[in-house]
Amino acid sequence: IKSISASDLNFRRDAKILILGGDGGIREKDITFTLKKQFGLDSESYQWIRYDEMKNFNYQTLQGTSSYCDVIVGCIPHKSGGVDNLIAEFENHREYYTPKIHILRDPNTEQPVQLTKTNLIEAVKESNKVKLANLNK
């Protein structure tokens, strides 16, 4: 098993988790509380772009960025950020995106799902943000 160091991670120490869509299953105060309680992360550790804001989201800002260490993708509009299927863009071109992409899916149907406390916790457990926090302990 290769050990990882902070220099192996291609983002800044203050990089955020970006949450895209997923509205309806969780409120922002629940996200803040869950991240603080489960992982010790404060409200400055993430940014949430809600479903209705996704049409104006420029997904290309995630290419080569060091500002975000992870992107958690829930339900988003079919046409987001000027592309017909943003989830397919992320899946088919992962090599273009510096942040780790976590797509929340229903295990039975493989369809994107709303953000919930449970799937938020599961995605953040696997996040670069938590890996970096563990390196700094």
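The model is predicted, so local features need pLDDT of at least 70 and side-chain atom pairs count only at pLDDT 80 or more, while totals for chains, interfaces and linings use all residues. Residues are numbered from 1 along each chain as its sequence is written, and side-chain values use heavy atoms, with hydrogens and water left out.

Arg-105 forms a salt bridge with Glu-91, and the closest N and O atoms are 2.3 Å apart. A salt bridge is a side-chain nitrogen of Lys or Arg within 4 Å of a carboxyl oxygen of Asp or Glu. Glu-91 lies in helix α2 (residues 86–92) and Arg-105 in the loop between β4 and α3, so the pair ties together parts that are 14 residues apart in sequence. Helices (H or I, at least four residues) and strands (E, at least two) are DSSP runs, numbered from the N terminus. Glu-91 is partly exposed, at 34% relative accessibility. Together with Glu-110, Glu-91 and Arg-105 are linked in a network of salt bridges.

## Other salt bridges

Side chains of opposite charge can pair when their charged atoms come close. The whole structure contains seven salt bridges. One of them joins Asp-84 to Lys-79, at 3.5 Å from N to O; Asp-84 is exposed, with 57% relative accessibility.

Another salt bridge joins the side chains of Glu-122 and Lys-125, at 3.3 Å from N to O. Both residues lie in helix α3, three residues apart, which is about one turn of the helix. Glu-122 is partly exposed at 44% relative accessibility, and Lys-125 is partly exposed at 47%.

## The sheet and its helices

Four strands form an open sheet in the order β2-β1-β3-β4, with parallel pairing. Strands β2 and β4 (100–103) stand at the edges with a single partner strand each, so one side of each has no neighbour in the sheet. From one strand to the next, the twist averages 15°. Two strands pair if DSSP finds at least two bridges between them. Strand β1 (residues 16–20) is joined to β2 by four bridges, and the two run parallel. Within this pair, Ile-19 stands opposite Trp-48 in β2.

Helix α1 (residues 28–39) lies across β1 and β2 and runs at about 155° to β2. Helix α3 (residues 117–125) packs on the sheet and touches β1, β3 and β4, its direction making about 150° with that of β3. Axes are lines fitted to C-alpha atoms, for helices over the stretch in contact, and angles run from 0 to 180 degrees between N-to-C directions. Contact means heavy atoms within 4.5 Å.

## Two threonines in loops

Thr-65 lies in the loop between β2 (46–49) and β3 (68–73). Thr-65 is buried, with a relative accessible area of 11%, and its side chain reaches the backbone nitrogen of Ser-67 at 3.0 Å.

Thr-116 is located in the loop between β4 and α3 and is partly exposed, with a relative accessible area of 30%. Apart from its neighbours within four places in sequence, Thr-116 is in contact with Gly-25 and Ile-26.

Note on methods
Buried < 20%, exposed > 50% of the residue type's maximum accessible area, 1.4 Å probe, protein only. Polar contact = N/O pair within 3.5 Å; in protein donor to acceptor, adjacent residues only side chain to side chain.
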